[in-house]
Amino acid sequence: MSLIQALPSGPLDIVGDIHGELQALQALLAHLGYDAQGNHPQQRTLVFVGDFCDRGPDSPGVLALARQLVASGRALAVAGNHEINLLREDAKDGSGWFFDSRTESDSAKYAPFAQPEGGAERQAIADFTAGLPVALERADLRIVHAAWVEPQISAVRAMPLGSLRTQYDHWESVAETQAQASDLHARREAESRGWPHSLEDARYRPPFLPAHSESELNKAVFNPLKVLTTGLERRCTEPFFAGGKWRFVERMAWWNEYTDEAAVVIGHYWRRLHPPSVPVHGKQEENLFGQTAPLAWHGPRGNVFCVDYSVGGRWVARRAGETHDERFNLAALRWPERTLMFEDGREMATQEFGGRA
């Protein structure tokens, strides 16, 4: 069995990135017509595109619900980059709910947040993430967290289910060996020593650090799992702050080169139902869709759709005293109807599927 698994036949409800927003998830499932056990009167199946955890108030609750639904056969799921971080014990922004090393630094931004109740729950979370596939497919539809691109898809097909951590660690090790064999590793360390502030501190804008940029791109060259779960990237022209740290690579709209017939549904890219009228400096990913409308399919064949509507920003905004969540939504794409259901019960038709208005 491969890290790319089969989708069942029949209608699907494909849920975008959740990021610990348990109440939003429960409301969305109710509006979609599912009961507490994940049963649906029309025998629909839930599919999660990954990024269950981090940043929001109740990552353990979201993961517990997802585990229950997947274990009962009522749902399927793929791993997002945040699940891989958890599985590899790679503590990053927003993961203080799970990693003690991050709890203090995350508290100022994200607390209060629920934490696992003891070792048994922590182990159950780790076991769940370890068993996730990276992509799902059937003849008419493909689901992956960030990017469906060759040759990385072919490489991942050969990786057995359950090998996510070992395979990811292997390819990261290959990239690190290559970096050390060249002068890249030394240059990156020198850049880190030369910049006195944390790259997670938004108050201090660093100069462009070329070795940091090359290091991230070097990993993508070797690691096919990184590409499928974080997307294609390229060197940017100036540093920008996103996802809790200063970045030196920017994401690429890989779907502009996607020409296969099968539709692809992804998460990951922080799409906005109400995009800002003026581009926000330092938030290039908000402009990744260019002139694509918030409800439109994208790509030359109009058959790629991002169902991540930025709910990951809701908790921070709420803590900052913002009372309106219109910028941050949880959504599910209904297939084959191609409509969107939001957690507040709004249902909207998507647009321009197949390139048609």
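Is the crossing of helix 8 and helix 9 left-handed or right-handed? The crossing of these two helices is left-handed. This is a predicted model, in which local features need pLDDT of at least 70 and side-chain atom pairs count only at pLDDT 80 or more, while totals for chains, interfaces and linings use all residues. Residues are numbered from 1 along each chain as its sequence is written, and side-chain values use heavy atoms, with hydrogens and water left out.

**Terms for helix packing**

- Helices (H or I, at least four residues) and strands (E, at least two) are DSSP runs, numbered from the N terminus.
- Axes are lines fitted to C-alpha atoms, for helices over the stretch in contact, and angles run from 0 to 180 degrees between N-to-C directions.
- Angles under 35 degrees count as roughly parallel, over 145 as roughly antiparallel, 65 to 115 as roughly perpendicular and the rest as oblique.
- A crossing is left-handed if the near helix is turned anticlockwise from the far one by less than a right angle, and right-handed if clockwise.

**Helix 8 with helix 9**

- Helix 8 (residues 184–194) and helix 9 (residues 210–222) have axes that come within 8 Å and cross at roughly 135°.
- That angle makes helix 8 oblique to helix 9.
- On the helix 8 side, Leu 184, Arg 187, Arg 188, Glu 191 and Ser 192 are in contact (heavy atoms within 4.5 Å) with Pro 210, Ala 211, His 212, Glu 214, Ser 215 and Asn 218 of helix 9.
- The residues of this contact divide into 3 nonpolar, 4 polar and 4 charged, where Ala, Val, Leu, Ile, Met, Phe, Trp, Tyr, Cys and Pro count as nonpolar, Asp, Glu, Lys and Arg as charged, and the others, Gly among them, as polar.

**Helix 7 with helix 9**

- Helix 7 (residues 164–181) packs against helix 9 at an angle of about 130°, with the axes 8 Å apart.
- The two helices are therefore oblique to each other, and helix 7 passes helix 9 in a right-handed crossing.
- Helix 7 contributes Trp 171, Glu 172, Val 174, Ala 175, Gln 178 and Ala 179 to the contact, and helix 9 contributes Asn 218, Lys 219 and Phe 222.
- By class, the contact of helix 7 with helix 9 has 5 nonpolar, 2 polar and 2 charged residues.

**Helix 2 with helix 5**

- The axes of helix 2 (residues 59–71) and helix 5 (residues 119–130) come within 10 Å, crossing at roughly 60°.
- That makes helix 2 oblique to helix 5, and the crossing is left-handed.
- Pro 60, Leu 63, Ala 66, Arg 67 and Val 70 of helix 2 make the contact with Glu 121, Ala 124, Ile 125 and Phe 128 of helix 5.
- The residues of this contact comprise 7 nonpolar, no polar and 2 charged.

**Backbone geometry**

- Most residues other than glycine have a negative phi, and most peptide bonds are trans.
- Glu 150 and Pro 151 are joined by a cis peptide bond with omega about 5°, and Pro 151 is in the loop between strand 6 (141–144) and helix 6 (152–157).
- The bond from Trp 335 to Pro 336 is also cis, with omega near 15°; Pro 336 is in the loop between strand 11 (331–335) and strand 12 (339–342).
- Trp 270 has a positive phi, near 50°, and lies in the loop between strand 9 (263–266) and strand 10 (304–306).
- Ser 310 has a positive phi near 70° and is found in the loop between strand 10 and helix 11 (314–319).
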